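Colleague: I'd like to learn how to read salt bridges in a model. Could you walk me through some?

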Amino acid sequence: MSSETKSSSNFKVKIQRFGSHLSGMIMPNIGAFIAWGLITALFIPTGWWPNEELAKLVDPMILFLLPILIGFTGGRLVYDIRGGVVGATATMGVIVGADIPMFLGAMVMGPLGGYAIKKFDQAIDGKVRQGFEMLVNNFSAGIIAGILTIIGFKGIGPIVLTLNKTLAAGVETLVQANLLPLASIIIEPAKVLFLNNAINHGILGPIGIEQAAREGMSILFLLEANPGPGLGILLAFVFFGKGMAKQSASGATVIHFFGGIHEIYFPYILMKPALILAAIGGGAAGVFTLLLFNGGLVAAPSPGSIFAVAAMAPRGGFLAVMAGVLVAATVSFLIASVILKGSKATDDDLAKATEKTSALKGKESRASSLIVKEEEAPATVEEKEVNKIIFACDAGMGSSAMGASIMKNKVKKAGLSIDVANSSISNIPMDADIVITHKDLTDRAKAKHPDAAHISVENFLNSPKYDELIEKLK
């Protein structure tokens, strides 16, 4: 590999990790964001059931609750609960010092608070006289949190506020100039390369929430989450695909459109890179339609299922949102159909593309569940008492949750009294006896929890290692 290629790959990995870190702060709190979105959609003056008293919940939730949750989660990712408390406290500095929802500020202050208290604890480790541990722990956390809160209020808050307003002004300029559809040129390829978290959670989400709080909705929530482009591409494979790609496309369509798991169509694009034109064309057409009919959502739909999209549509805006999805799907379908009619793709192409997707993301692609793969090596677990099995992936909410659900059923049927759960790599609980990860994430999982037994799988959805493990546990 040339130095230039290696440098490009390293840069992409850094961006992915950055996006994964942002996602790690946002994804665990999606339920709170959806709660705020539903309350907003229902009770504000332009909502489905306007209620002046209940509408008072909207501003405190978006100005205080959500940023503090992000700050706490960011601090906890760095240094567990202690880091979370300092991170949440420090986040108050940027909240009070601004007149807009401080999501970007929380993404800075949360990890900074966790990092600061972690470094302090490391510096005094073994140096505190016996009997003074609680005093030092409590006051050190309080003093560091207080200092960071003031720094956030006086220094970091104004900087983030300026950055946020600059980004918002840039987006507003694109909207006013009707150039927002061009954002699909960046967003759609970024999705396929798994760089979307950095764009979505780092820029579009915070600005979109600010717009939704001010105007009742934002189109930015649909720039990345619109399921239309992926739907059109998968339907093109249903009608014009070949071999395994055609056979698996119908199942992938259901998972993508109704389940909201967009990554399942990424291997189909990687198999035929020209299809990125269909994704870009569909995305741009969808955005243009939303601009034309003034469409948008009140909060981020997560996952990007058509059900979540419909639930987040504002009163009077449902048809505009559906039009944006339908037009995006139609345009991407037409472009993809033309490309596929001249395609010579084979089953091997889809299998290779699925492997490439897994390599890009650092964990197995959900599309792999629709493809017959070679048998994996047997699971190896030392003989010891097992009370907890953890499935871990990057965000701890997608493929790991699906794998944990499958294992829970197997454990229940086997009559075993074992707790099965899922988490992100960074939050693997220390009492986990067995940690199951995709093979590309196993090294990171071992570094996080070296004392647990680790099992690597190729596919979270149909790994033969699950049955092997159950037999051993019996």
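Predicted model: local features only at pLDDT ≥ 70, side-chain atom pairs only at ≥ 80, totals over all residues.

Colleague: How far apart are the closest N and O atoms of Arg76 and Asp80?

Modeller: They are 3.9 Å apart, and the pair forms a salt bridge. The rule asks for a side-chain nitrogen of Lys or Arg within 4 Å of a carboxyl oxygen of Asp or Glu.

Colleague: Is Arg76 buried, partly exposed or exposed?

Modeller: Arg76 counts as partly exposed because its relative accessibility is 37%. Asp80 is partly exposed too, at 48%.

Colleague: Which parts does the pair Lys388 and Asp431 tie together?

Modeller: Their side chains meet in a salt bridge, 3.0 Å from N to O. Lys388 lies in strand β1 (residues 388–393) and Asp431 in the loop between β2 (419–424) and β3 (434–438), so the pair ties together parts 43 residues apart in sequence. Lys388 is buried, with a relative accessible area of 17%, whereas Asp431 is partly exposed at 46%.

Colleague: And where do Asp467 and Lys410 lie?

Modeller: Those two form a salt bridge as well, with the closest N and O atoms 2.9 Å apart. Asp467 is in helix α18 (residues 465–473) and Lys410 in helix α16 (residues 399–413), so this pair links distant parts of the chain, 57 residues apart. Asp467 is partly exposed at 43% relative accessible area, and Lys410 is partly exposed at 24%.

Colleague: How many salt bridges does the rule count?

Modeller: The count comes to 4 salt bridges.

How values were computed: Residues numbered from 1 in each chain as written. Heavy atoms only, no water. Buried < 20%, exposed > 50% of the residue type's maximum accessible area, 1.4 Å probe, protein only. Helix = DSSP H or I, 4+ residues; strand = E, 2+ residues; numbered from the N terminus.
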